[in-house]
Amino acid sequence: MKLTLKIWRQRNSNDKGKLETYPVDGITTDMSFLEMIDVLNQQLIKDKKDPVAFDHDCREGICGMCSMVINGRPHGPWEGTTTCQLHMRAFKDGDTVVIEPWRAASFPVIKDLVVDRTSFDKIIQAGGYISVNTGNAVDANSLPIDKTNAEDAFDAAACIGCGACVAACPNSSGMLFLGAKVSHLALLPQGEPEREKRVLNMMKTHDDEGFGGCTNTGACEAECPKGISLTNIARLNREYMRAAIGSEEEVR
Amino acid sequence: MSWVVNFFSSSVGKKVIMSLTGLFLCLFLAVHMSGNFLLLQDDGGLAFNEYTKFMTTFPLVKVVSYITYAFIIFHIVDGIMLALNNRKARPVKYAVSKPSNSWQSRNMALLGIVIFFFLVVHLKSFWFELKFGHVPMDANQNKDLYSIVYEAFSQWWYVALYLVSLIALGLHLSHGFQSAFQSLGLNHSKYTPFIKGFGLLFSIVIPLGFAIQPIFVFLKATGRI
C-alpha cells in the first residue's frame, strides 16, 4: 500500500524542527510500523538524504525505546501496544500518518523522533533500588508475600519506562511511571527499608526534572502499552503523604 | 516547619490542597443550594430573608463563611500555580492529538475561569449589595434580599448567565469530585465505583437544584406561574 507520512524532522536539540511530508510505497500489512520507517529510510539513503532518526531496540515490545506519537496517540492506534508491535494492517492504503516525538520539557528532542529520557533514569537513581545482603541467593519462597500484593507489585513492575504516559498526559506528568516504580517496591517486604526515603526522593526528582502534575485525566492509563493502572498513582499519593506527614524522614 | 512548605509545594502536596479545598467547596455548594430553595416559598420572601439574616449574623456560620472565602482563594491560587506549571511542562504542542481522556478533565482551568467570572457577578449582585448596598426592609424588619434576587432573576439574560455557569460547574464537578479522592490516594476497588457514581450524580443534582431557583423566580416574575 501507499502512505503519506508527515514526520517531525529536527536536526538537533537547538533546531526548531518541522513536519516534513514523505510518500512511501510498497508497504505490506504484515510489516511492523518500524519496518515501514526502515523502508522509508532505505529510500532516503538511496536518494542521498538524511534518514529519519528514531529509537528502537528489542522490537518485541519490552524495551520501551520506540517512542513515537502516531496520529496523535503515543505508540499509535492500538491499545496495549508499543510502536514496534503496531503492524501496518492498522492503516489503509492512501492514509496520511503524522509521526511526532514525545512532547515534554523533560524529554528534549535529540534528533527527529529521538528524545532524551535521562530524566526517567534520574528518578530511578533517586530511589528505585532496594538493600540486599550479599552472599548466596536466599530461597525464593523464604519471605511470605500476600498473593494480591504480589500480583499488584508484578503489574506495576510491568512498566517498561517508555514514557508514553508523559507523552499522553496533557501536563506531561510522569506520575504513572513514578507511581508504578514506587508501587512495585512499596508492595513488597524487600522494599520496606527505603520505603519512605524512596517516595520522597523520587517525587522530588520528578518535580525537579520539570514534569507536570497529575490532574487525573486518565490519558496515561489509556495509552500505557503495559496497562499500568491509575491505582498506582493513588498509591503513590498515599505513599508520599505517609512518608511526608507520618515519618521522621526529611521532606526536601 | 520547612517540611510543611516543601510538602505543599510538591506536585502531590498541591493536589492535596486542591482536593481538600474542592471537597469542602462541594459541601458548601450542597448547603447553599438546599438553603436557597426557600426562594420557592410563596410568602413574599419572608422565610428566605429570615434565613439570610441567620446565615449572615450567626457567629459560627460567619466563621464557616470566612473559611469558605479562604478556601475559594486557596483553590484558585493553587489551581493557577498548577495550571502554569503544567503548561510549562509541555513547551511544544502536538500537531495532531487524539485525546483518550474526557474534555472536562483537560479543561478544568477553563471551567474554573468561567465559574470565577460567574462568582464575581454573583457576589456583586447579592453579597456586595447585602453588605454595602442599600437594601429595603421586609415586614419582619429583616433586610429584604428576596426583592433583590427577585429583581435580578426577572431578567432573562441574567438567568441565562446562571444557566451557562451552572453547566460549567456541572462539568467541573463531574471530573473534580472523583478526582479529589484519587488525589488523596483514596482509590479502592470496593469504594471507587461508588465514589465515581456519587460524583456523577452530585455533578448533575447540584447544578440542577441551583438551576430550578432562577428559572422558578423568572417564571413567577414574568407571570407564567
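## The sheet of chain A

In this predicted model, Val69(A) stands opposite Pro74(A), a residue of strand β4(A). The two strands concerned, β3 (residues 69–70) of chain A and β4(A), are paired in the antiparallel sense over two bridges.

That pairing belongs to an open sheet of five strands in chain A, whose order is β2-β1-β5-β3-β4 and whose pairing is mixed. The edges of the sheet are formed by β2 (18–24) and β4 (73–74) of chain A, each of which pairs on one side only.

## Helix α5 of chain A

Helix α5 of chain A covers residues 175–186, twelve in number, and reaches 15 Å from its first C-alpha to its last, close to the 16 Å expected at 1.5 Å a residue. Because twelve of its twelve residues are buried, α5(A) is largely enclosed by the rest of the structure. The buried residues include Met175(A), Phe177(A) and Leu185(A), and also Lys181(A), Ser183(A) and His184(A). They pack against α2 (118–125), α3 (147–157), α4 (164–168), α6 (195–208), α7 (219–223) and α8 (231–246) of chain A.

The axes of α3(A) and α5(A) come within 8 Å and cross at roughly 145°, and the crossing is left-handed. On the α3(A) side the contact involves Asp152(A), Ala153(A), Ala156(A) and Ala157(A), which meet Ala180(A), Ser183(A) and His184(A) of α5(A). By class, the residues of this contact divide into four nonpolar, two polar and one charged.

## Chain B

Chain B has nine helices and zero strands, and its C-alpha trace spans about 60 × 45 × 40 Å along the principal axes. Of the 225 residues in chain B, 28% are buried. When contacts in chain B with a separation of 6 or more are considered, 76% of them are accounted for by residues 24 or more positions apart.

## The contact between the chains

The contact between the two chains takes 41 residues from chain A and 35 residues from chain B. On the side of chain B that touches chain A, the elements giving two or more residues are α1 (2–9), α2 (11–35), α4 (59–88), α5 (103–106) and α8 (156–183) of chain B. This side of chain B comprises 14 nonpolar, 14 polar and seven charged residues.

Key:
Residues numbered from 1 in each chain as written. Chains lettered and ligands numbered in written order. Predicted model: local features only at pLDDT ≥ 70, side-chain atom pairs only at ≥ 80, totals over all residues. Pairing = 2+ DSSP bridges. Helix = DSSP H or I, 4+ residues; strand = E, 2+ residues; numbered from the N terminus. Contact = placed C-beta atoms within 7 Å. Nonpolar A, V, L, I, M, F, W, Y, C, P; charged D, E, K, R; others polar. Expected span 1.5 Å × (residues − 1). Buried ≥ 20, exposed ≤ 12 C-beta atoms within 10 Å, placed from the backbone. Axes fitted to C-alpha atoms, helices over the stretch in contact; angles between N-to-C directions. Left-handed = near helix turned anticlockwise from the far one by under 90°.
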